[in-house]
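Me: I would like to know what stands behind the labels used for this model. Please set each value against its cut-off.

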Amino acid sequence: MKAIRRFTVRPVLPAPLAPLSDLARNLRWSWHTETRDLFHSVDPEGWAASGNDPVRLLGSVSPERLAELAEDGPFLSRLTALADDLGDYVSGARWYQEQSAELPAAIAYFSPEFGITAALPQYSGGLGILAGDHLKAASDLGVPLIGVGLLYRHGYFRQTLSRDGWQQEHYPVLDPNELPLALLKEPDGTPAQVSLALPGGRSLHARVWLAQVGRVPLLMLDSDVEENDLGERGVTDRLYGGGSEHRLLQEMLLGIGGVRAVRTYCRLTGHPEPEVFHTNEGHAGFLGLERIAELCAEGLDFDSALEAVRAGTVFTTHTPVPAGIDRFDRELVAHHFGPAAELPTIEVGRILQLGMETYPGGEPNLFNMAVMGLRLGQRANGVSLLHGNVSREMFSGLWPGFDPDEVPITSVTNGVHAPTWVAPEVFRLGARQIGGRRTEDAMTVGGSDRWDAVAEIPDQDIWELRRNLREQLVTEVRRRLRASWRQRGAGTAELGWIDGVLDPDVLTIGFARRVPSYKRLTLMLRDRDRLMDLLLHPERPIQIVVAGKAHPADDGGKRLVQELVRFADDPRVRHRIVFLPDYGMAMAQKLYPGCDIWLNNPLRPLEACGTSGMKAALNGCLNLSVLDGWWDEWFQPDFGWAIPTADGTGTDPDHRDDIEAAALYDLLEQRVTPRFYEQGQEGLPDRWIEMVRQTLTLLGPKVLAGRMVREYVERLYTPAAHAHRAMTPDAARELAGWKSRVRSAWHGVTVDHVETTTTPVAELGSTLSLRVRVGLGDLGPDDVEVQAVSGRVDAQDRIADASTVPLKPVGGPDAEGRWLYEGPLSLDRTGPYGYTVRILPAHRLLASGAELGLVAVPSEELGEGAGVLLR
């Protein structure tokens, strides 16, 4: 019989075991080995059956076992020590508290998904895992972050395969009461709620669940509440599901409802109000509108409120292609805002202006969430150096007149949370070398350029560690493969061959990620005969473990999965290549450490960062990758291999895949496998072990989430907090009024005449005197900066690697109202050299001279007489 209602019955812990509940409710256990070991010792079988989830474990332990533990002295001593350690961790001073700079009182970090632990499945891929690692690293560093997301009742989806290898999706219902969550409650004990107004007089209500991620609270909004109608209850049903209006409502709830949830949390707990709001991708962009509405309610006009909000907002883009950005029809957005819907005090036209693609090449009727994010954030970044370049090019239309390299989007290269992703065996090897505390600090706080202690670890120890991890992966793969085949309908008698799948002494390659077409899951199948030769080589075989989910609506991605699965089902190679369904955090934590090579072959430059290879590297796995994302930035031959690419725009996609697949096979045949199997005098692969050592020594410190979060604090959060503090209501009104005046008067700003003391050839180290006459119209010298821009020039006289020097006004305006500017120009480079002059708006509260997208340059006729200096 089927139950008509379900609920959770929680055990009553004996008083001596009460701290177990606190340890289970703080997700620090997900990256703290000693705490996980304690829960394992409570009930080893129950721990495995619970999926290593302490909340589920404690719900299943028998009263007899709890009574026994309550009398177990050594267990209670461990419990007390770990409870005290957690108390010190969440309340003691850490890196952030030791900084002398005036850091933000708090930062709110918004993301549509968070990958904290497999026990809280609220992620689909890299964006969510990155957000989870960001929260964990912030906790380790003591950064006062508040995470904000949605609680999806079905998560993303669980993946199985049909008998013929087609991806099938399953959406198990998640009960928040069975997750490591607690309801945020008002003082009277009722659940705290936020509400949004919907068209037609309806409302969208949401409760706020709290996940405690070490020191960091994560607020998760849940619309599945009785006060909502059926449609509204389903707003937070699935991650990245539903149509346009469903997605729009999710993003309104995340952004607008998320700000309201933060205000509620701070009111109830006394947590400092955030000075900085960080939007992780455009999904949460509406948070800026809610903050504008808050300020308008306090008496600011829209334009002044916009300036105040921009000052304290950081926007991170993760998308290297326009197709990856959420865009909505203008009419749909307009329908959900205004007098009869949400934010009734803000004119709908002003809201639309923030997101419309009103630039060359844009779609003028589409509302673009990333464009709104950039217009609402004074500071923006991509997630690797290469992705920063791609983003500046992609969004350059928002800053007309500026070269892409001057577009105000910087980059902070992603990192990964080492305690989450480093195998305990790797950690223990480091702890044996330098001690547990120093190893933990090195992996969390970071700060050093090298982990030199790795050099002292004997080759034999490194090689034994790598084989041990490979052996664990083989065991895990066989277990998962057997479960997958049973789901596909196979009987036990058919599955004897699985006991021979993979070999702990064979070079093991991992490939696991989402399955959009640009990641090229099946590039390895391009020449199947060559791949078979590699898999079945008599002396130097390889074996490959593949995993990945295609989006439920992406049939093309599902066909790629099926193609790979069918190849892996071939009895000739199925002991050497496997596809594991339902890729997620639990699988990844076994997969990264157990592989010798991490393979990544996206279409360059479409991988924004690609952090899976970082997690592998922290376990001594070498990367074999296209030079894209982070690998383009940090690749060295010591760390692995770069797959040559055929990037040319004129290259036919099929031909490009042929070229790059052939390069991959060549590398595997000629360089990778020989190095793995080639043994030195001690019978060990000395050169391979040295590459592992170099990866850990030099790459390890770079790829840390601790390094990433410290960069965010120093380069983005702190300047944003200072800008926020400077943007008082009067300052916001001043800046808004100034911008309005400058925009309306900019048509009168001109560069009229440029003269210099030079001949066509000048000597290195000499200095030129520039005299420039400019028209400023209704503006004055305090409103602008006149700059000389100089550098090497190409055959078309384009200046590369430009440097800028401000020129100074000399005296007042002449009879025609023109101003004279002068300044020196130092010739510090040889070869073809050139300069130009430009005028930019200038104000003390601007973060960048390009902020307004306004620039005045000499006319072409004027340029011909004053441009290139040296040939």
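Reply: What follows takes the labels one by one.
The model is predicted, and local features need pLDDT of at least 70, side-chain atom pairs count only at pLDDT 80 or more, while totals for chains, interfaces and linings use all residues. Residues are numbered from 1 along each chain as its sequence is written, and side-chain values use heavy atoms, with hydrogens and water left out.

Me: Why is Arg28 called buried?
Reply: Buried means under 20% relative accessible area, exposed over 50%, and partly exposed in between, with a 1.4 Å probe and protein chains only. Arg28 has a relative accessible area of 5%, so the label is buried.

Me: Where does Arg28 lie, and which residues does Arg28 touch?
Reply: Arg28 lies in the loop between helix H1 (18–25) and H2. Helices (H or I, at least four residues) and strands (E, at least two) are DSSP runs, numbered from the N terminus. Contact means heavy atoms within 4.5 Å. Leaving aside residues up to four places away in sequence, Arg28 touches Asp85, Leu86, Tyr89, Gln212, Gly214 and Glu440.

Me: What makes the pair of Arg28 and Asp85 a polar contact?
Reply: A polar contact is a pair of N or O atoms within 3.5 Å; within protein, one must be able to donate a hydrogen and the other to accept it, and residues adjacent in sequence count only if both atoms are side-chain atoms. The side chains of Arg28 and Asp85 are joined at 2.8 Å, so the distance falls within the cut-off.

Me: What accessibility do Asp555 and Arg733 have, and what are they called?
Reply: Asp555, found in helix H21, has a relative accessible area of 40% and is partly exposed. Arg733, in helix H28 (residues 729–745), counts as partly exposed at 37% relative accessibility.

Me: What puts the buried residues of helix H5 on the same side?
Reply: In H5 (residues 63–70), Leu66, Leu69 and Ala70 are buried. They cover an arc of only 100° around the axis, which puts them on the same side of H5. The arc is that of the directions from the helix axis to the C-beta atoms. An α-helix has 3.6 residues a turn, so residues three or four places apart point the same way. The buried residues of H5 pack against helix H2 (33–42) and helix H6 (73–91).

Me: What makes S8 and S9 paired strands?
Reply: Two strands pair if DSSP finds at least two bridges between them. Five bridges join S8 to strand S9 (residues 203–213), and the two run antiparallel, so they pair. Ser195 has His205 in S9 as its bridge partner.

Me: Why are S23 and S27 said to stand at the edges?
Reply: The open sheet of four strands has the order S23-S24-S28-S27, with antiparallel pairing. Strand S23 (750–756) and strand S27 (808–809) each have a single partner strand, so one side of each is left without a neighbour in the sheet. S27 pairs with strand S28 (residues 818–826) over two bridges, and Pro809 stands opposite Tyr821 in S28.
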